[in-house]
Amino acid sequence: MADYHFLYIDPSLGADWFLVAARRYWERFRPIVVNGFDLITYVPTHRSIAITTLARRDMAQKIADDVKKTFPRARHDPLVYDFVEEMKLTLDGRADLEQRFGVPENVTPTPTRKSR
């Protein structure tokens, strides 16, 4: 898990992308919500960063390139949807399953039984 988790919402998206689509996700995980990268640059270099980005298809590649260029050590978690309802389904599912990045975190492997 990262020391700092940011939820970047592309500025071209309306408030409903946060208030409708990301509300339950935010309530569950409490990422720092940003619509620019300025605040993220203040994170000390010895701290780990995860950036979940919400974007439409037309902006997704530019945002991914910007994240990779500006924060090469960051874990980038891109979510790309053209409709609020689709984004909401994904983020609500993550909140329900307690999967901040869409996959289980800190999974302990199940021990295998040795045959006798």
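Four strands make up an open sheet here, running in the order β2-β1-β3-β4 with parallel pairing. The edges are β2 (32–34) and β4 (75–80), each of which pairs on one side only. From one strand to the next, the twist averages 20°. Keep in mind that this is a predicted model.

**How the strands pair up**

- Strands in a sheet pair through backbone hydrogen bonds, and they can do so parallel or antiparallel.
- β1 (residues 4–9) runs parallel to β2, and three bridges join the two.
- Looking across that pair, you'll find L7 opposite V33 in β2.
- β1 also runs parallel to β3, this time with six bridges, and I9 stands opposite L54 in β3.
- Six bridges also link β3 to β4, again in parallel; here A55 sits opposite V80 in β4.

**β3, strand under cover**

- Seven of the seven residues of β3 are buried, so the strand is largely enclosed by the rest of the structure.
- I49, I51, T53 and A55 point one way from β3, while A50, T52 and L54 point the other way.
- Whichever way they point, all of these β3 residues are buried.

- Y25 belongs to helix α2 (residues 23–29).
- Is Y25 buried or exposed? Y25 counts as buried because its relative accessible area is 0%, and the cut-off for buried is under 20%.
- Setting aside neighbours within four places in sequence, the contacts of Y25 include H5 and L7, along with R30 and P31.
- T52, D77, L91, R94, A95 and R100 are also in contact with Y25.
- Y25 and L7 are 18 residues apart in sequence, and their C-alpha atoms are 9.9 Å apart in space.

- Which residues make the nonpolar surface patch? I32, L39 and Y42 do, and the patch covers about 340 Å².
- L39 comes from the loop between β2 and β3.
- With a relative accessible area of 45%, L39 is partly exposed.

Notes. Residues are numbered from 1 along each chain as its sequence is written. This is a predicted model: local features need pLDDT of at least 70, side-chain atom pairs count only at pLDDT 80 or more; totals for chains, interfaces and linings use all residues. Side-chain values use heavy atoms; hydrogens and water are left out. Two strands pair if DSSP finds at least two bridges between them. Axes are lines fitted to C-alpha atoms, for helices over the stretch in contact, and angles run from 0 to 180 degrees between N-to-C directions. Buried means under 20% relative accessible area, exposed over 50%, partly exposed in between (1.4 Å probe, protein chains only). Contact means heavy atoms within 4.5 Å. Patches are made of residues with over 30% relative accessible area and no salt bridge: like charges are joined within 9 Å, nonpolar side chains (Val, Leu, Ile, Met, Phe, Trp, Tyr) within 5 Å. Accessible areas come from the Shrake-Rupley method with a 1.4 Å probe; for residues, only the protein chains shown count as cover. A salt bridge is a side-chain nitrogen of Lys or Arg within 4 Å of a carboxyl oxygen of Asp or Glu.
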